[in-house]
Amino acid sequence: MMNNIFGELKRLLSLRSLQARIFIIVLAAGFIPSVIVRYGILDNYEDHSVQQRISNVQNQLIIVGNHLISNNYFNTKPEGYSSSVSRDVINAELEMISNLYEGRVMIIDSGLRVVKDTYDISEGKTIISEEVIRCFQGVNTSNYDKDHGYIEMTTPIIDATVDSSEIVGVMLTSISNESIVATLEVLNRKSVLVQNLMVVVAVAMAVVLSIILTRPFNRVSEAINEVSAGYSDESISVPDYAETIHIVDAFNQLLARMRALDNSRQEFVENVSHELKTPMAAIKVLADSLLVQVDAPAELYREFMEDIVSEIDRENQIITDLLALVKMDKKAHELNISSVNINELAELILKRLRPLARKKDVELVFESMRPVTAAVDEVKMTLVMTNLVENAVKYNKEHGWVKVELDADHQYFTFKVSDSGLGIPEDALSHIYERFYRVDKSHSREIGGTGLGLAITKSAVLMHRGAITVTSVEGEGSCFAVKIPLSGVTGG
Ligand code: ADP
């Protein structure tokens, strides 16, 4: 259990793991929007409240402004008068506004003189402020000073009784933003709470999702581990995601290939044991039969000994072929490439095989179209040529013939061996390169075949990146053709 938890934690901490990435994505998906929404709402609220406050104050000031005009507060008209009663009413209204909005209202006349200040500080003074002057020119301004915590605005006092609606004064108002800030603080506290809650939920979801979503991949590795540890040798199945299905399919294919390889290896070992046991069994039978005869004549001993020697030779031949085959299984870069005169090599091989051909009364002909020099492994190429020509002689009829042809183009050379022999049945053609395969086991054994010759030949040809093909008609003869690149093996 503890190990499990540590395992999960370790995976979460490693950024390379899918689990860690899912964790981070889910966490970000939960957290980032909540932060954006929080700051967005708070900012929006502040702007909105400030605007609202400005327009409320402006509306009230416009009403007060109208009262000022109707009560002739500035006393601009010669026939007008301003009673101290109506002045007091207006002053009371101004006081009320400044108390209500925790601010200060100043009334400035067209001579930039402060006629009324609710703070009673600047009355009678002249004020030269850009905002006031611009307001006299008809431009209303409002300014929110967040750092000092106030909103400042100008409101024109318009005398609509004259034709041109003249601006006769300006109200310069500054109000506190305290109530907005207080509400903002409450909102902020609440949103921090909600945000923390969301972070907790996002973390919980990130942990749960990262574990749940990656579980199928853990199941895949568990199943693969079980197979590699040997607890199970069946195909595995994790059908949770399309991805896991693909991984598992690929793994099952690999498993099937490994099983096929294992089976073929087992079959090979069985075949090797069987092939090696056959001459041994024959030797034992021969020796036993000599032993049971108390006074066996010397000729019988001699005859049996000759048979025993030929069985030992056979055993030796099988072991030599097996060793050659095992060497072929090594990689292509272990080829010992050198520039070889193929014409000379073919002549040499035919010379070696002539006694065998003569023994079987088989005519051996060599036809070379042109001189050929190629970059090949001489030992392996000798094996290829010898095996093909030897087979053509071995599986031939009395008075038959074998024709060896050598030709080349600018890329490949072709070594062709045709014979007038027994031919190979069609259904056997696809098997002749298999190890220990023989069309007629007893006949092949009689003439000393091990069933490994063509397997060795094919391996050697493939190592040279060449190709081997065969055409054959049963009872008429066969033709084996080998095509090898002249330039040797390039690349691994
Ligand atoms: P072996 O050592 O028995 O000759 P090979 O692998 O060389 O084994 O050949 C496999 C089988 O293919 C032989 O047993 C034989 O039946 C058949 N075969 C090979 N070459 C020829 C050929 N030129 N003509 C007829 N049959 C052949």
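This report covers aromatic contacts, charges over rings and strand pairing in a predicted model.

## Basis

Local features need pLDDT of at least 70, side-chain atom pairs count only at pLDDT 80 or more, and totals for chains, interfaces and linings use all residues. Residues are numbered from 1 along each chain as its sequence is written, and side-chain values use heavy atoms, with hydrogens and water left out.

## Aromatic pairs

The whole structure holds 2 aromatic pairs. Rings of Phe, Tyr and Trp (its six-membered ring) pair if their centres lie within 6.5 Å; planes under 30 degrees apart are stacked, over 60 edge-to-face, and the rest tilted. One of the pairs is Phe217 with Tyr241. Their ring centres are 5.8 Å apart and the planes meet at 45°, so this pair is tilted.

Phe217 belongs to helix H5 (residues 178–229), while Tyr241 is in the loop between H5 and helix H6 (242–292). The pair therefore ties together parts 24 residues apart in sequence. Helices (H or I, at least four residues) and strands (E, at least two) are DSSP runs, numbered from the N terminus. Phe217 is partly exposed at 26% relative accessible area. Tyr241 is also partly exposed, at 24%. Here buried means under 20%, exposed over 50%, and partly exposed in between (1.4 Å probe, protein chains only).

## Charges over rings

A charge sits over a ring if NZ of Lys or CZ of Arg is within 6 Å of the ring centre and within 35 degrees of the ring normal. Arg87 places its charged end over the ring of Tyr73, 4.3 Å from the centre. For Arg435 the ring is that of Phe268, at 4.4 Å.

Two strands pair if DSSP finds at least two bridges between them. An open sheet of 5 strands runs in the order S2-S1-S5-S4-S3, with antiparallel pairing. Strand S2 (114–117) and strand S3 (142–145) are at the edges, each with a single partner strand, so one side of each lacks a neighbour in the sheet.

Strand S1 (residues 103–109) and strand S5 (residues 166–176) run antiparallel, joined by 7 bridges. Asp109 stands opposite Gly169 in S5.

Strand S7 (residues 363–368) pairs with strand S9 (residues 401–408) in the parallel sense, over 6 bridges. Glu363 stands opposite Trp401 in S9.

S9 also runs antiparallel to strand S10 (residues 412–419), with 7 bridges. Ala408 has Phe413 in S10 as its bridge partner. A hairpin of 3 residues links S9 to S10.
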